[in-house]
Amino acid sequence: MPRILLAAAACGLLCPWAAAQDAARLDAMLADVRRMEVDSNDGRGDALMRILEERGVPYAVESFEIEPRADYPRTVGRNIVVTLGADADAGDIVVGAHYDAVWLGDGALSRGAVDNAASSVILVWLAETLSMEPLKHRVRIVFFDMEEIGLVGSREFVRRHADAPIAAAVNLDVNGYGDTVFFGPTASGGNGGVHAAMRQACTEVELECVEFPRYPASDYLSFQRAGVPNVSVSVLPSNEAEEMYAAYNDAAGPGGRGGGVPALFRLIHTARDTSESVDAAAMDTVYRTVLALLRRLDAGVESAP
Ligand SMILES: [Zn+2]
């Protein structure tokens with residue numbers, strides 16, 4: 001890859017050191033995903049908070065209550081919120097990912113590695129990096145709870161912070177393996193500026209991202225419904241991204257293409273969604289892309305409709 005050759009030419013004697021640093025960073029990302037593979041969603045939240053503490057990233061816990069449900073063992077959810085930068089007229093930039101995993105039919109919890117521990121760990125790295133940069137906006141990095149039972153945590157976050165205008169919201173869901181980054185929903189109104197910034201970010205990191213007019217349901221919908229410009233970002237191998245595109249954007253509708261179910265849906269929301277399926281290089285691709293996006297949004301490109 002040209003980018004790597006260029007880096008090799010530039011770093012000279014430091015190359016082995018830089019390569020070792022990179023390898024260590026990817027190993028650490030994967031280790032963090034494994035730490036979230038526990039038996040309860042409260043345990044996943046606890047693991048995430050330990051990881052943030054070890055990285056020296058301060059956070060706040062925003063708890064909320066839901067009505068008891070026959071099919072769900074919890075009534076208290078916890079969004080975990082990292083706040084960077086200062087309150088500014090420009091409005092907040094929110095970047096989020098759900099950390100909860102889905103309950104499977106047999107009463108066990110999915111390990112939820114691809115969906116969505118990998119995205120959560122990418123957020124931790126983004127928080128660490130952005131905490132060392134000057135920011136024009138207040139940036140809120142939010143780990144949402146209870147996405148899997150109906151986008152509850154993100155809806156609660158939007159409701160609780162209705163008095164603080166949000167300039168842009170970025171959501172990460174399904175970022176565990178593959179090299180084809182896709183984003184959307186480009187057909188939903190109000191997202192032109194954020195999606196333009198996303199296109200520029202993809203170009204900057206030398207990726208050909210795929211645009212989805214309609215996008216699988218995730219926490220971005222809580223922001224879309226509140227009129228907040230938003231983008232949701234995922235990565236998959238190109239053939240799986242194509243399957244997902246067809247399932248959500250071809251005329252036949254979800255799952256309609258020749259009766260086929262996208263491979264992703266035979267992995268997530270099953271007992272097979274473990275860290276065995278997660279590739280840290282894919283996480284790093286998304287990390288670099290979303291970091292470029294957030295820097296652009298912070299520089300103030302969110303003004304276009
Ligand atoms: Zn998910």
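Predicted model: local features only at pLDDT ≥ 70, side-chain atom pairs only at ≥ 80, totals over all residues.
A residue counts as buried here if 20 or more other C-beta atoms lie within 10 Å of its own.

Seven of its seven residues are buried, so strand 8 is largely enclosed by the rest of the structure. Burial holds for both of its faces: N230, S232, S234 and L236 point one way, V231, V233 and V235 point the other way, and all are buried.

Strand 8 has pairing partners that can be followed in the model. Strand 5 (residues 166–172) runs parallel to strand 8 and is joined to it by four bridges; N171 has S232 as its bridge partner in strand 8. Strand 6 (residues 180–184) runs antiparallel to strand 8, with five bridges between them. Here F183 is bridged to V233 of strand 8.

One of the residues involved is E65, whose bridge partner in strand 2 is V76.

Helix 6 covers residues 192–204. Its 13 residues reach 18 Å from the first C-alpha to the last, close to the 18 Å expected at 1.5 Å a residue. The buried residues of this helix are G193, V194, A197, M198, A201 and C202. An α-helix has 3.6 residues a turn, so residues three or four places apart point the same way. The cover over the buried residues of helix 6 includes strand 5, strand 6, strand 8 and helix 9 (280–299). Just after the helix, E206 takes a positive phi of about 60°.

In soluble globular proteins, nonpolar side chains tend to be buried together. The largest nonpolar core in this model has 80 residues, and among these I122, L123, L126, V286, V290 and L294 touch the most other members. Helix 4 (residues 113–130) gives the most to this core, with twelve residues. V286 shows how separate parts of the chain meet: leaving aside residues up to four places away in sequence, V286 touches I122, L172, N175, V181, V233 and V235.

Notes
Residues numbered from 1 in each chain as written. Core = buried A, V, L, I, M, F, W, Y, C linked by C-beta atoms within 7 Å. Buried ≥ 20, exposed ≤ 12 C-beta atoms within 10 Å, placed from the backbone. Helix = DSSP H or I, 4+ residues; strand = E, 2+ residues; numbered from the N terminus. Contact = placed C-beta atoms within 7 Å. Pairing = 2+ DSSP bridges. Expected span 1.5 Å × (residues − 1).
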